[in-house]
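Subject: A structure for you to explore

Hi there,

Here is the structure I promised to pass on to you. Please open it next to this email, and then read on for what turned up.

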Amino acid sequence: MPMRSAGLWAEALLTEKAGPPAKSPKAEGAETSQARVEPRRMTDSYTELVLPFGSSPELLEKYTNASGGIRTGKLMEHLDSLAGSIAYKHMLGPGVQRLGRIEEIGFYIVTASVDRLDMLSPLDPSRDLRLSGQVIYTGHSSMEVAVKLESIGAGKPDETVMIGRFSMVCRDAKLHRAREVNPLVLSSPEERSLYALGEQMRQRRKSNALRSLSRVPPSSEEAAELHTFMLQHGHGQLDTIPEKSMDHVLMGDTILEKCMLMFPQERNVHQKIFGGYLMRLAYELGFTNASLFTRGHVRFLSLDGISFARPVPIGSILRLRSQILYTTSSAEYPTIVHVGVKANVVDVETGQEQTTNDFRFTWCQEVGKASPNLRKVVPKTYAEAMLWLEGKRALEVGAEIRGLRTYNQIAM
């Protein structure tokens with residue numbers, strides 16, 4: 001059940017001009033109706049996909065990056081598609097064979113946010129890769145989807161390499177308002193644990209929204225740490241101590257941008273630009289910025305969050321703007337870089353921009369492979385200082401997750 005549109009763009013344009021179609025049967029294999037939602041089991045939505053890298057050099061070639069590894073951005077694109085497919089499978093039932101037209105099934109599902117994607121171990125191009133996931137929590141109109149990437153085959157034990165969580169919401173196709181989703185039936189202690197984890201995710205998002213630095217001031221501890229950092233590494237220090245200017249970079253000087261025209265070949269089933277494609281674009285720009293900043297190769301650690309504010313229309317101009325937000329080090333990683341990427345749609349006639357997506361990523365350099373000196377990014381304005389603190393918060397959460405090695409067992 002791919003999330004990309006299988007129809008022709010010319011047909012989509014004709015359909016748009018002709019208006020909504022007449023009433024037609026629901027999607028083939030669907031077990032629900034608009035009037036009734038049946039409870040589902042977690043296993044009903046379970047879906048997996050295997051990429052046979054170990055046995056198909058032709059497939060591996062399409063995913064190989066310049067250093068011989070696997071393009072992580074392309075895997076993110078698949079994970080977004082997988083999460084959407086899982087959400088539709090939960091709504092339509094495990095026997096569904098195809099998605100069909102949105103007008104036929106009466107609802108559509110969009111990605112509200114990606115809470116995290118954490119890389120637990122490096123990808124091995126010589127082994128097959130299994131992508132899997134299922135719905136683990138449902139609200140009134142929302143679903144939490146847990147996804148997992150595993151290296152399999154080659155005579156070795158299966159190994160989890162990445163885990164993540166997607167938040168999906170369901171909307172009525174005609175009224176474009178919240179639509180009730182099928183509730184979950186819990187049948188085992190493991191499922192109840194997963195459901196509790198989904199509830200914790202939901203509550204954490206609410207808590208993070210309430211303590212967002214765009215709404216409330218930083219805590220006294222954060223303010224004190226920012227104050228100390230600025231005294232040691234602030235703009236005045238860069239002016240008076242020459243050696244500091246070599247290893248310190250103003251946040252405003254780390255901006256890297258690209259503008260792109262959005263073509264219909266990258267559309268989803270809703271005739272908007274596919275969210276996974278935007279994830280890949282943002283990842284690759286962020287990777288480029290992190291590499292330039294560290295002056296060396298970086299390894300992906302985590303996607304720390306994505307918020308989807310509005311869809312990206314086909315034919316629009318998209319401006320991607322990346323910026324280094326926070327830098328630090330640890331015993332395991334001598335260089336850790338947190339990067340923000342903002343996606344804006346540009347109005348050609350007025351020049352005004354609207355933010356559609358806000359991405360946060362973290363990359364690192366390993367011991368023995370790191371650049372000689374850790375360059376620090378220094379905020380200059382109050383707004384940049386708040387971004388610096390947000391990056392610090394994200395890295396603290398990431399360090400906690402990477403320290404809990406049992407996390408990959410409870411997340412799926």
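This is a predicted model: local features need pLDDT of at least 70, side-chain atom pairs count only at pLDDT 80 or more; totals for chains, interfaces and linings use all residues.

A salt bridge here is a side-chain nitrogen of Lys or Arg within 4 Å of a carboxyl oxygen of Asp or Glu. Glutamate 38 is partly exposed, with a relative accessible area of 23%, whereas arginine 40 is buried, at 3%.

Residues are numbered from 1 along each chain as its sequence is written, and side-chain values use heavy atoms, with hydrogens and water left out.

The overall picture

The protein chain has 11 helices and 14 strands. Both are DSSP runs numbered from the N terminus: helices are H or I with at least four residues, strands are E with at least two. Of the 412 residues in the chain, 51% are buried. The chain exposes about 19,700 Å², and carbon and sulfur atoms supply 54% of that; the areas come from the Shrake-Rupley method with a 1.4 Å probe, and for residues, only the protein chains shown count as cover. Among contacts between residues at least 6 apart in sequence, 76% join residues at least 24 apart, where contact means heavy atoms within 4.5 Å.

The sheet

In what order do the strands of the open sheet run? There are 10 of them, in the order 2-4-5-6-3-10-13-12-11-9, and the pairing is antiparallel. Two strands pair if DSSP finds at least two bridges between them. Strand 2 (47-51) and strand 9 (256-261) stand at the edges with a single partner strand each, so one side of each has no neighbour in the sheet. On average, neighbouring strands are turned by 20° against each other, direction ignored. For such angles, axes are lines fitted to C-alpha atoms (for helices over the stretch in contact), and angles run from 0 to 180 degrees between N-to-C directions.

Some pairings to look up:
- Strand 3 (residues 107-119) and strand 10 (residues 299-308) are joined by 4 bridges, and leucine 117 stands opposite leucine 303 in strand 10.
- Strand 9 and strand 11 are joined by 6 bridges; leucine 256 has serine 322 in strand 11 as its bridge partner.
- Strand 11 and strand 12 share 11 bridges, with a hairpin of 6 residues joining them, and isoleucine 324 stands opposite valine 339 in strand 12.

Two helices lie across these strands. Helix 5 (residues 189-210) lies across strands 3, 4, 5 and 6, running at about 75° to strand 4. Helix 10 (residues 382-403) lies across strands 3, 10, 11, 12 and 13, running at about 70° to strand 11.

In one of them, arginine 393 meets glutamate 222 at 2.7 Å, N to O. This pair links distant parts of the chain, since arginine 393 is in helix 10 and glutamate 222 is in helix 6 (residues 220-233), 171 residues apart. Are these two residues buried or exposed? Arginine 393 is buried at 15% relative accessibility, and glutamate 222 is buried at 10%. There is also a network of salt bridges, which links Arg130, Lys148, Glu150 and Asp158.

Two last stops

Threonine 335 is in strand 12 and is buried, at 5% relative accessibility. Among the residues that threonine 335 touches, not counting those up to four places away in sequence, are Thr294, Trp363 and Leu374.

Valine 348, by contrast, sits in the loop between strand 12 and strand 13 and is exposed, at 65% relative accessibility. Together with Leu261, Phe263 and Ile317, valine 348 forms a nonpolar patch on the surface, with about 370 Å² of accessible area in total. Patches are made of residues with over 30% relative accessible area and no salt bridge; like charges are joined within 9 Å, and nonpolar side chains (Val, Leu, Ile, Met, Phe, Trp, Tyr) within 5 Å.

Enjoy looking around!

Best wishes

Definitions and conventions. Buried means under 20% relative accessible area, exposed over 50%, partly exposed in between (1.4 Å probe, protein chains only).
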